[in-house]
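Visitor: I would like to learn how to read charged pairs and strands in a model like this one. Could we begin with the charged side chains?

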Amino acid sequence: MVDELILDVRGKMCPMPVMEVSKAARQATPGQVIRVLATDPAAKSDISAWAQRTGNEIVDIRDEEGYVVIIAKIVNPGK
């Protein structure tokens, strides 16, 4: 079973969501999944760019009512 961390950054604006994802990823283990709940419209592009830059993987991005869910799989936890 993959260990999943839920990171609720709703109400926080750029750059806080991506900064909190980055911090959580540094403490994660390979294969761990971070489920991000965000209301910041920039979170989709910011977290996607972070994943590309660090070699981590975006598994899914979907809009829910009033917020977005971004699922990131940690491949390089130290990044």
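Guide: Side chains of opposite charge can pair when their charged atoms come close. Here Glu 64 forms a salt bridge with Arg 62, with 3.1 Å between the closest N and O atoms, where a salt bridge is a side-chain nitrogen of Lys or Arg within 4 Å of a carboxyl oxygen of Asp or Glu. Salt bridges that share partners join Asp 60, Arg 62 and Glu 64 into one network. This is a predicted model, in which local features need pLDDT of at least 70 and side-chain atom pairs count only at pLDDT 80 or more, while totals for chains, interfaces and linings use all residues. Residues are numbered from 1 along each chain as its sequence is written, and side-chain values use heavy atoms, with hydrogens and water left out.

Visitor: How far apart are the closest N and O atoms of Arg 62 and Asp 60?

Guide: They are 2.6 Å apart, in a salt bridge.

Visitor: How many salt bridges are there by this rule?

Guide: The count comes to 6. One of them is between the side chains of Glu 4 and Arg 35, at 3.2 Å from N to O. Glu 4 lies in strand E1 and Arg 35 in strand E2, so the pair ties together parts that are 31 residues apart in sequence; strands (E, at least two residues) are DSSP runs, numbered from the N terminus.

Visitor: In which sense do E1 and E2 pair?

Guide: Strands of a sheet pair through backbone hydrogen bonds, either parallel or antiparallel. E1 and E2 (residues 33-38) pair in the parallel sense over 5 bridges, pairing being counted if DSSP finds at least two bridges between two strands.

Notes: Helices (H or I, at least four residues) and strands (E, at least two) are DSSP runs, numbered from the N terminus.
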